[in-house]
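Colleague: I would like to go through the pockets, the cavities and the ligand site of this model. Please show it first.

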Amino acid sequence: SFVTVSDVLAGKVSVGTTVTVRGWVRTRRDSKAGISFINIHDGSCFDPVQAVVENSLPNYSSEVLHLTTGCSLAVTGTVVESAGKGQAFEIQATTVEVLGFVEDPDTYPMAPKRHSMEYLREHAHLRARTNVTGAVMRVRNCLAQAIHRFFHERGYFWVATPIITASDAEGAGELFRVSTLDLLNVPKTEQGEVDFKQDFFGKEAFLTVSGQLNAETYACALSKVYTFGPTFRAENSNTSRHLAEFWMVEPEVAFADLNDIAHLAEDMLKYCINAVLTERADDMAFFAQRIDPTVIERLQHVVSNDFVHMDYTDAVEILQNCGKKFEYPVSWGTDLQSEHERYLAEEHVGAPVVLKNYPRDIKAFYMRQNDDGKTVAAMDILAPGIGEIVGGSAREERLDKFDQRLAELGMDPEDYGWYRDLRRYGTVPHAGFGLGFERLVSYVTGMTNIRDVIPFPRAPKSADF
Ligand code: 4AD
Ligand code: MG
């Protein structure tokens with residue numbers, strides 16, 4: 001029967017059973033006694049399984065001795081206890097069927113040596129076969145499954161929000177346009193402007209920057225919902241924390257306030273980290289060995305301690321008085337830079353920190369105004385090594401206040417007609433947040449560049465494969 005490498009190594013197959021494992025060669029070693037040891041991986045777990053192949057097999061010299069890293073094969077044999085150290089079980093092969101040789105092994109881009117992350121990015125179609133990318137993608141999957149489980153167990157409904165939209169949900173103007181107009185021959189109005197009425201949707205349309213506004217409509221009916229999908233930002237930031245296409249987890253909760261969602265975010269992060277520590281111990285051991293020696297202790301600390309909460313105003317004071325020389329000065333009312341966020345999380349607290357009640361002028365139009373007239377009920381969670389990982393807020397549910405804010409910002413209430421309806425018909429206080437999924441994967445694995453934690457990264461001047 002066909003089994004996975006994980007089944008064999010985890011002892012799910014009894015010793016003495018005949019099985020077939022299919023996968024790819026990681027390494028081959030031949031003993032003088034005419035026995036070859038082939039490490040086979042199939043992606044089901046971190047470690048490969050060892051197949052022991054004797055020279056009595058008919059294709060031993062014609063094929064087995066030509067196997068190189070990356071060759072695909074199906075090995076049938078008996079599961080036996082392994083005498084070698086490092087693995088409990090191995091396969092004593094009775095047949096080795098080669099499915100695909102590697103043409104010209106000397107130039108195979110994934111030769112078994114340590115490649116730089118830059119090199120692997122240039123081979124995004126082959127890097128999935130490496131230890132590091134395999135481990136990242138298994139952890140990524142574990143986190144995604146844990147997120148769905150977390151919300152499902154708490155009675156949240158998963159709502160599919162649209163990817164194509166007419167609204168700029170963050171009001172930041174970082175939109176990718178979606179259009180079927182011929183760029184070289186765009187229909188113009190009499191005033192000489194681009195005539196989007198003639199475009200596919202009859203108006204301007206974009207890729208979504210956030211599912212939040214659509215999620216709010218469902219929260220104001222199903223009470224507890226979340227979206228989890230791709231979002232897009234035409235933000236020209238060539239950094240290790242920004243992608244042009246990234247995934248976001250966005251719960252939206254009716255009758256909730258800022259503290260409710262801050263605690264929801266904390267519980268969700270702890271739940272996800274616990275899932276990874278228990279379900280992906282194999283991959284985490286690798287990250288601790290190769291990427292960041294303290295990653296596991298760091299995560300254990302996170303799950304067993306309460307998050308520190310702090311007001312933006314207090315954070316500014318801490319930054320001004322800490323004696324550290326920052327590239328960008330800090331003053332009340334300015335947005336915190338990555339260096340400030342990292343100082344707070346890494347040096348001041350030494351763990352994730354929840355920052356609350358930001359100046360309203362640096363935050364989005366939909367955030368609920370506080371009674372002081374200066375701040376909004378917003379919160380960001382800052383993580384060591386990353387900076388902002390979660391951004392959320394209570395939403396302005398009072399129509400008069402919302403309209404006032406739109407007017408101040410020079411925004412057209414007509415563009416937000418449907419959103420205003422939520423405030424006109426049975427409005428309720430509600431709040432939510434967005435978790436940058438790739439930032440979470442970076443944080444949990446210790447991988448320092450966000451482009452290495454998504455299968456095919458999209459960033460300025462980079463949309464290959
Ligand atoms: O802080 P942001 O812009 O918040 C929103 O979009 C809200 N509508 C979310 C909500 O309340 N439902 O983005 C949320 C998170 C950030 O904290 C960050 O982790 C991540 O999304 N993020 C990015 N991740 C990767 N690349 C980018 N360019 C990102 N921009 C934001
Ligand atoms: Mg933000």
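Modeller: One definition comes first: Ala, Val, Leu, Ile, Met, Phe, Trp, Tyr, Cys and Pro count as nonpolar, Asp, Glu, Lys and Arg as charged, and the others, Gly among them, as polar. Note also that this is a predicted model.

Colleague: With those classes, how many charged residues are in the lining of the second largest pocket?

Modeller: The second largest pocket has a volume of about 520 Å³. Its lining has 26 residues, and those closest to the centre are Lys-113, Arg-114, Thr-130, Asn-131 and Arg-290. By class, 10 lining residues are nonpolar and nine are polar, while the charged ones number seven.

Colleague: Which element gives the most to the lining of that second largest pocket?

Modeller: At least two lining residues each come from strand 2 (18-30), helix 2 (117-122) and helix 3 (131-153). The top contribution is three residues, and it comes from helix 2.

Colleague: Which element supplies the largest share of the lining of the largest pocket?

Modeller: The largest pocket has a volume of about 1100 Å³. Among its 44 lining residues, Glu-170, Arg-233, Glu-235, Glu-388 and Arg-439 are the closest to its centre. Two or more residues come from each of strand 12 (245-254), helix 9 (338-349), strand 15, strand 16 (387-394), strand 17 (430-436) and helix 12. The largest share is five residues, from strand 16.

Colleague: How many charged residues does the lining of the largest pocket have?

Modeller: The lining divides into 17 nonpolar and 10 polar residues, plus a charged group. Glu-170 and Arg-233 are among the residues closest to the pocket centre, and Glu and Arg both count as charged. The charged residues number 17.

Colleague: Which side chain has an N or O atom 3.0 Å from a nitrogen atom of ligand 1?

Modeller: Ligand 1 is surrounded by 24 residues, and the closest are Glu-170, Gln-212, Arg-233, Glu-250 and Glu-388. The side chain of Glu-170 places an N or O atom 2.6 Å from a ligand nitrogen, and a polar side-chain atom of Gln-212 is also 2.6 Å from a nitrogen atom of the ligand. The side chain at 3.0 Å is that of Glu-235.

Colleague: What is the volume of the largest cavity?

Modeller: Two cavities of 30 Å³ or more are present. The lining of the largest one is made up of Leu-269, Ile-273, Val-302, Phe-307, Pro-352, Ile-381, Ala-383, Ile-389, Leu-440 and Tyr-443. Helix 5 (258-279), strand 15 (375-383) and helix 12 (437-445) are the elements that give two or more residues to this lining. The space inside is about 50 Å³.

Colleague: Is Cys-272 buried or exposed?

Modeller: The structure holds zero disulfides. The cysteine sulfur nearest to that of Cys-272 belongs to Cys-142, 8.3 Å away, whereas a disulfide needs the sulfur atoms within 2.5 Å. A residue under 20% relative accessible area counts as buried. Because its relative accessibility is 0%, Cys-272 is buried.

Note on methods
Residues numbered from 1 in each chain as written. Chains lettered and ligands numbered in written order. Predicted model: local features only at pLDDT ≥ 70, side-chain atom pairs only at ≥ 80, totals over all residues. Heavy atoms only, no water. 1 Å grid on protein atoms, 1.4 Å probe; cavity = no way out; pocket = protein on both sides within 12 Å on 5 of 7 lines; lining within 4 Å. Points joined across faces, edges and corners; volume = space filled by probe spheres on them. Helix = DSSP H or I, 4+ residues; strand = E, 2+ residues; numbered from the N terminus. Buried < 20%, exposed > 50% of the residue type's maximum accessible area, 1.4 Å probe, protein only. Near = heavy atom within 4 Å. Polar contact = N/O pair within 3.5 Å; in protein donor to acceptor, adjacent residues only side chain to side chain.
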